[in-house]
Amino acid sequence: MSTLPEDAASLQAIERTLGRLDGMLSIAQIAQAEPTLAPQDVENLVASLDEAGLIDDDAPVDFRPGSEVILELDEIVEAHCAETIFQNPFWRTCLDARGPGDVPEKLAIGMIIENWHFLFRESYFDAPVLSYVPNTAVRLLLNKFFAEEYGHDEILLRALNFAGLSREDMRDAIPLPETMGLCNALAHWAHSDPLFFFTTLGLLEGQGMKQDSFIEACERSALPDGLVGPLKIHANINIGAAHGSLTRSIFQEIPVLDHATIARLKRQLRLFVELYDNFYTGVWRYYSSDAPLLRRVSQL
Amino acid sequence: MDSTLAGPRQPKFRNQVRAIVGHGEAQISLGARSCAFEFSEHEAAAVSRLIADLETGGLTRHDLASRSSVIADKVPQLLHDFDELRLLIESDPQRIGHALSGTQLYREVRRLADRMVGRIATSAFHRALTEGRASRQQLIGYALEYYWIVQSAPGLIGPALGSAHSAAERRLLQDFLKSELGHDRFLAMALKSVGVTTAELEAHQPLPATFALGASLGIYGRQHPLSFKASLFLFERAQPAFIDAFDDRCRALGMPDAFHTPLRAHANINDEYDHEDISRQLMELEHAVDAETCAVVKRHIAIMVETMIQQEEQILAYYGQELTRVPRIFN
């Protein structure tokens, strides 16, 4: 360890320097104010005091509030959606549907099957965040959300029953790889990066939607009420409970995000949107083909 | 939840139950515990029949009551009491589970994966290599995706250690985890030789199918350990013909040795440690697997195989585009 100069002038300089350790100046500014001491001496002085436990660091810590960051995250999601999901053949078919047959019944049933698979597995990816310890307000929001979501697979099962698929059939069913990929990706994030998992909830729950484009397309295509009715019940619960704004509500409760975290959240958004886009592409590809309606474990 | 416990559909006395029907009283004992109930003379035959039927099993509650019709109205309460006293077990063959050994389940899983892969013939990426269609960018893309899986592997495997309940399983998983550590450095060096920087590698986002594969393996490790164990062989299969074709194509494109040599070295490590056998070794430790678990494992494996096929298609498609930067970096 280096020692400080001990002549009288230096001791006075040290005394003045100590007086400047009031939390208002940076170390560089303190050194500048005392040219008789070498900057390295000032740094050594502060380091020794720190080691002795005599000083605190009063420099502001760089962070941004979640309520502000989420606005940028939402914009990024929207930009990615415009290039992917909004161009997806499944969504083009729904938006272009004008009359009977425009959304083929098999495609609509397929969409319900894959949605059922997703909701049936909701606990796989919601459960890891129900115990979110870092933030009580967020944990309470998530628990309330899960209580409202619980059992929605049963609502869709009514539509599947109408289409001739029983509970037993669905126990034997295999989701499309894109559906399972999305479920496991969400479960992975819920375990390993809960903050990023929160950013996905808004889009999954129909962020910014006043109505459901798929349901409207089914109605314009004159699909039977036995099929569409349960979908409406499910959609209305989500819209009524404002699940689309869940991500916003969560991030409003998060007071501090550091820059590395914000950068990590931003760079992963594209991958999530691609996984979600692939979910729709999978539905479109499989249920527009001649393949059997249900993929079964018993037929593997 | 139902407020009462559903009793056996076809009740049967536990094997250790001893029942003695005497004059006006039946005594039923199980070890040191015993109970008794009284009946009138005209009920004696019905009580004896009920006791005999419960010793044999195989009859529904309704059958039991109608065969002992004189005491039919008392049979439900008696059955309820016997159940409360833990004297009854289920004898309905439909409700008695069906089980497979882990080894047998693994045989079925291997066959299922072979059938699925067989349907697709050779892998799309392998064909692109042997037919000389795979571009430099697609080879780098393949290595980037491989890198992502390898650098994630310890984090995906680690949680499975928490549910290893025997010394043999802990040893297998720990050795497996150890043998997977540090491989990302090999591959990072390979990618560096073709201009991918450390910062780019850190920011690279895998393709959706690559991410789905890694996430699925990791999530099964946490949520469904048997699916995790059964999937490992899919990641660890030796593919010497593929590695040869990869090397040949790299040379044909004039790519540096420093790019493809580490990839071959990594493949050789997998051979040396007999990684492919890890699934069989872990599954051998499972003594009895119920029907639902077998179905879940098969479902997961089938989807994993499909996702691996999709991954090759995505690599060819994404890295086959004109890209200004090969690693996938957004925002």
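## Acidic surface patch in chain A

A:D50, A:E51, A:D56, A:D57 and A:D58 form a patch of negative charge on the surface. Such patches comprise residues with over 30% relative accessible area and no salt bridge, like charges being joined within 9 Å and nonpolar side chains (Val, Leu, Ile, Met, Phe, Trp, Tyr) within 5 Å. A salt bridge is a side-chain nitrogen of Lys or Arg within 4 Å of a carboxyl oxygen of Asp or Glu. One member of the patch, A:D58, lies in the loop between α3 (39-51) and α4 (66-83) of chain A. A:D58 counts as exposed because its relative accessibility is 57%; buried means under 20% relative accessible area, exposed over 50%, and partly exposed in between (1.4 Å probe, protein chains only). Helices (H or I, at least four residues) and strands (E, at least two) are DSSP runs, numbered from the N terminus.

## Basis of the model and confidence

This is a predicted model, in which local features need pLDDT of at least 70, side-chain atom pairs count only at pLDDT 80 or more, and totals for chains, interfaces and linings use all residues. Residues are numbered from 1 along each chain as its sequence is written, chains are lettered from A and ligands numbered from 1 in the order in which they are written, and side-chain values use heavy atoms, with hydrogens and water left out.

Chain B has a mean pLDDT (the predictor's confidence in each residue, from 0 to 100) of 91, and 95% of its residues reach 70 or more.

## Positive phi in loops

Most residues other than glycine have a negative phi. A:A222 has a positive phi, near 60°, and sits in the loop between α13 (213-220) and α14 (225-240) of chain A. With a relative accessible area of 52%, A:A222 is exposed.

In chain B, phi of B:R86 is likewise positive and near 60°. B:R86 occupies the loop between α3 (75-84) and β5 (88-90) of chain B and, at 55% relative accessibility, is exposed.

## Separations within each chain

B:Y147 belongs to helix α6 (residues 136-157) of chain B and is buried, at 9% relative accessibility. B:Y147 and B:S69 are separated by 78 residues in sequence and by 73 Å in space, C-alpha to C-alpha.

A:A291 is located in the segment after α16 (259-287) of chain A and is partly exposed, with a relative accessible area of 22%. Between A:A291 and A:L37 the separation is 254 residues in sequence and 82 Å in space, C-alpha to C-alpha.

Key:
Areas by Shrake-Rupley, 256 points an atom, 1.4 Å probe, with all protein chains shown as cover. Lys, Arg positive; Asp, Glu negative; His and termini not counted. Charge placed at Lys NZ, Arg CZ, Asp CG, Glu CD.
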